[in-house]
Amino acid sequence: MKKLLLYLFIAIAIIGLIFNLDMVLNMILSSLIFILVLGAVLYGIYYFFIQTPSQRKYKRALRKSKRRYRNKKK
């Protein structure tokens with residue numbers, strides 16, 4: 001009798017977890033999207049408002065130089 005109650009309790013717990021799983025995954029997904037958007041906004045603020053135009057030009061030139069070097073290396 002005790003084993004039957006234990007298995008019944010475990011079965012009910014598993015069913016509850018399965019039905020709750022969609023809500024948990026939805027919360028995780030929405031949190032990840034929020035973090036990505038927040039990171040993009042913070043990077044945009046850093047890039048456009050904190051860096052000076054000369055720093056932006058330097059970074060752009062550095063990226064171009066790395067691309068050219070990488071293409072020549074192949």
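I started with burial: of the 74 residues of the protein chain, 4% count as buried (buried is under 20% relative accessible area, exposed over 50%, partly exposed in between, with a 1.4 Å probe and protein chains only). I noted that this is a predicted model, where local features need pLDDT of at least 70, side-chain atom pairs count only at pLDDT 80 or more, and totals for chains, interfaces and linings use all residues. Residues are numbered from 1 along each chain as its sequence is written, and side-chain values use heavy atoms, leaving out hydrogens and water.

Next I looked up the fold, and I found 2 helices and 0 strands in the protein chain (DSSP runs, H or I of at least four residues for helices and E of at least two for strands, numbered from the N terminus). The radius of gyration is 26 Å, well over the 11 Å that the globule rule gives for 74 residues, so the chain is more spread out than a compact globule (taken over C-alpha atoms; the rule is 2.2 Å times the number of residues to the power 0.38). I also wrote down the C-alpha box, roughly 75 × 35 × 15 Å along the principal axes.

Gly16 sits in helix H1 (residues 2–50) and is partly exposed at 37% relative accessibility. From Leu4, Gly16 is 12 residues away in sequence and 18 Å away in space, C-alpha to C-alpha. Lys57 belongs to helix H2 (residues 53–73) and is exposed, at 58% relative accessible area.
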